[in-house]
Amino acid sequence: MSDDFYKNKTSIEAQPSRTISDSSGSVSDIDYVKPAEVSDQDLYHGHSFITKWIFCQDAKVIGIQYTLTAVFTGIIGLILSWLMRLQLGFPELVPFITAEHYYQFVTMHGMIMVVYFLTALFLGGFGNYLIPLMTGARDMVFPYVNMVSYWMFFVAVLVLMASFFVPGGPTGSGWTLYPPQAILEGTPGSGAGIILMLVSLALFVVGFTMGGLNYVITILQARTRGMTLMRMPLTVWGIFTATVLALLAFPALFVSVIMMSLDRILGTSFFMPTILQAGEILEYGGGSPVLFQHLFWFFGHPEVYIVALPAFGIVSDLISVHSRKNIFGYRMMVWAIVAIGALSFFVWAHHMYVSGMNPWFGFFFATTTLIIAVPTALKVYNWVLTLWRGNIRMTTVMLFCLGFIVTFVNGGITGIFLGNVIVDIPLSDTYFVVAHFHMVMGIAPLMVIFGAIYHWFPLVTGRLLDEKLGKWHFWFSFLGAYSIYFPMHYLGFIGVPRRYFEMYDSPYITSAVGLNQSITIAALIVGLSQFIFIFNIVKSLRMGKPAGKNPWKANSLEWQTPNVPPAHGNWGDKLPVVYRWPYDFNVPGAKEDYIPQTTPPSEVLEAKVEKT
Amino acid sequence: MSDHTLDKLPGGFKGMATDMGSDQTVFKGVNWGKAMMWIFLLSDTFIFSCFLISYMKVRASVVDEWPYPSEVFALNFMGVPVPLLLIAIMTFVLITSSGTMALAVKYGYERNRKMCGWLILATALGGLTFVGMQAFEWSKLIHEGVRPWTNPFGAPQFGSFFFMITGFHGTHVSIGVIFLFIFARKTFRGDFDAGKRGFFTSMKSDYVAIEIMGLYWHFVDLVWVFIFAFFYLW
């Protein structure tokens, strides 16, 4: 830190804080909003390239950094999935895909997509960019910690990527890393690979915790005047609940990671039973592999909702804006998000029906699992009812939202099959499961991510993405994803097991050959079509149509900033004041079809708005 | 703290609902850092709970006999093995340090810089003593042949869990001690009075930081009480 460090601070003057009961302004004034409770935030303004773009404390830049890093790992995950599909569709076509490599690809694809891509993108990327803007804060409450959070994530990604280059390669134990096989010699990458994976996960958890605390406190304690919890956009609700889940679920992952590293490095036996390896009895004994499964899935199931809840929130906002209608049942949507979040902590063992645990456990967890269908279905109905008789704009964003609803319902229905013990047992470890979770937590959230990028790209860059390319991208992705995952349900019904390197010697599976080949071809095409998207982004950065302010005519605060794209500190010298929820679209009596959250009631006297 | 306006807000469940429904903040008058520490501690509670529940699960299911803690953790005092002697002293020291920490917070808010600094220093020394005694306990057990992967008294998981859980807790204490020393220096230097800006964060220092530090320290003590109960008394 140099001498000019102290000079760089606080060009935004802190406004004096007024206390809570200080009632300046009379109550009869319809525009009255309680005075500020907290003094304005002190910010560190970067001046050099390094403090502005690399070690930057601005949540918006950190959000972009998270997004780019997550997308980079996501592309690696995509390439790994191509390699897997090549082997499954056309075995031995590519000579270097051996059984060991195949397992490594499966493992790394799963871990990258779930943790390093989706979680980091939704919470780190969208969370950082949107939370301060949507709640009317200047920045995250602890910008420095926020910066460290990103760089921890960056190091975690580096460590993960390093495992591709160590002797033995990355771990090949499946993304669930089940012991004992994860650390036994027969598994690829049981040397350095698994250790690097565990270290990387631990770093990720530490880094995420720093970011997560920021998101939660910003939402709870740093909202602007007039912004009540029930006036927050559902995006913020989704990200908030997901972050709380993450803060309570990642500890279980952290603990299981520590215990497994000790098993691997020091030879403790937390998870390792007495076991033979290559005819020799190992030193291990007395540990419990099922304990790991419980710890892992206590993290793993909330993790599903850590990915899904932000998607639910974001898609609600996108649907509302692009069908020019308020979200149907806002309060119910909020409570559904919270209820799903709470329930997600009581369903973890539905991943373990065949693990040999007590059958009564299965009964309990099947019940809780099916209860989650209630708030989830409520959300789906509300999305559909929001669209009902709305003024739907068939933008690329809307197409992706519709794609989300369809794929999500599809994946949700197969989830009801798998939630029942008796149906799950014949289906477990088949391609039906693969189809289910890819539909529900792979494709569905991805549809939202794409929709969200098309929606907020104009805010981030000031330019619109190309609609024509966007529609091509949508139809390739949507139809392509269906032609990949829909046939997989059938593969599951005929009993094709997941995670098998090849299976053509079994006569009953020969009927799957044609399907597997067509799935592989579809996967290659869908993967390639993502480059339309990347091309669109690169092209639009330079040559996109200038978006101007608020191109979608949205109400939420992020579009009401004085500068587009928003500058550091977000709001210039005066924080916005909020008078309404973000869903006042097509209000009877109003001149425009939208009323931004910052519009005071005195300006829209004749509009018949709901009190929010 | 000294914000009298907070007294006028409604209390009880009604107050909770009012706060949740209000704009700007949910926890009225609560500093950002303090709120963050509480939520971090909640997350940390889940970590220690996972450790302790795993320990209970393994202890209940392990086949070999679990060592008898009164004997394993006994200390010879004038030729007589006294069960849990060292642990009792460790616990006493740690709980006492919680007391000095609480006093440091009080003197901090009273702007009594000297007294506050000395009490933080006392807390740090208490923590250091605790870590020192834990190191002594570890070396004694290691000397007797206890290792993470084996021990002469029975189930090998005894050693594994003992070193892992006390080690993880000890790490928490050590981190706390380091920060307490830093805080003691800052207090004596008058950073909190002057509102000096932090070296890394560039944010203004305030005495509330001592209270936040105190929250962490009391939490570490509370966790120790649970470890004490589940590991040494069970």
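This is a predicted model: local features need pLDDT of at least 70, side-chain atom pairs count only at pLDDT 80 or more; totals for chains, interfaces and linings use all residues.
Residues are numbered from 1 along each chain as its sequence is written, and chains are lettered from A in the order in which they are written. Local features need pLDDT of at least 70 and side-chain atom pairs count only at pLDDT 80 or more, whereas totals for chains, interfaces and linings use all residues.

Visitor: What does the radius of gyration of chain A come to?
Guide: The secondary structure of chain A comprises 14 helices and two strands, where helices (H or I, at least four residues) and strands (E, at least two) are DSSP runs numbered from the N terminus. The globule rule, 2.2 Å times the number of residues to the power 0.38, is set against a radius taken over C-alpha atoms. For 612 residues the rule gives 25 Å, and chain A is close to that, so it is as compact as a globular protein of that length, with a radius of gyration of 25 Å.

Visitor: What percentage of the contacts in chain A between residues at least 6 apart in sequence join residues at least 24 apart?
Guide: Two residues are in contact if their C-beta atoms, placed from the backbone, lie within 7 Å. Among contacts between residues at least 6 apart in sequence, the share joining residues at least 24 apart is 79%.

Visitor: Are α13(A) and α14(A) roughly parallel or roughly antiparallel to each other?
Guide: The axes of α13 (residues 467-493) and α14 (residues 513-543) of chain A come within 9 Å and cross at roughly 155 degrees. Axes are lines fitted to C-alpha atoms, for helices over the stretch in contact, with angles from 0 to 180 degrees between N-to-C directions. Angles under 35 degrees count as roughly parallel, over 145 as roughly antiparallel, 65 to 115 as roughly perpendicular and the rest as oblique. The two helices are therefore roughly antiparallel.

Visitor: Which residues does A:Leu88 contact, leaving aside its neighbours within four places in sequence?
Guide: A:Leu88 belongs to helix α2 (residues 59-89) of chain A. It is buried, with 23 other C-beta atoms within 10 Å; the cut-offs are 20 or more for buried, 12 or fewer for exposed, and partly exposed in between, with C-beta atoms placed from the backbone. Its C-alpha atom is separated by 9.2 Å from that of A:Ile519, 431 residues apart along the chain. Its contacts beyond those neighbours are A:Asn516 and A:Thr520.

Visitor: Which helix supplies the largest share of the side of chain A that touches chain B?
Guide: Here 45 residues of chain A are in contact with 45 residues of chain B. At least two residues of this side of chain A come from each of α5 (192-221), α6 (234-265) and α7 (289-322). The largest share, eight residues, comes from α6(A).

Visitor: Is A:Asn570 buried or exposed?
Guide: A:Asn570 lies in the segment after α14 of chain A and has a positive phi of about 65 degrees although it is not a glycine. With 26 other C-beta atoms within 10 Å, A:Asn570 is buried.

Visitor: Is B:Arg111 buried or exposed?
Guide: B:Arg111 is not a glycine, yet its phi is positive, about 60 degrees. B:Arg111 sits in the loop between α4 (85-109) and α5 (113-143) of chain B. With 10 C-beta neighbours inside 10 Å, B:Arg111 counts as exposed.

Visitor: What is omega for the cis peptide bond that joins A:Val564 and A:Pro565?
Guide: A:Pro565 is found in the segment after α14 of chain A. The cis bond joining A:Val564 to A:Pro565 has an omega of about -10 degrees.
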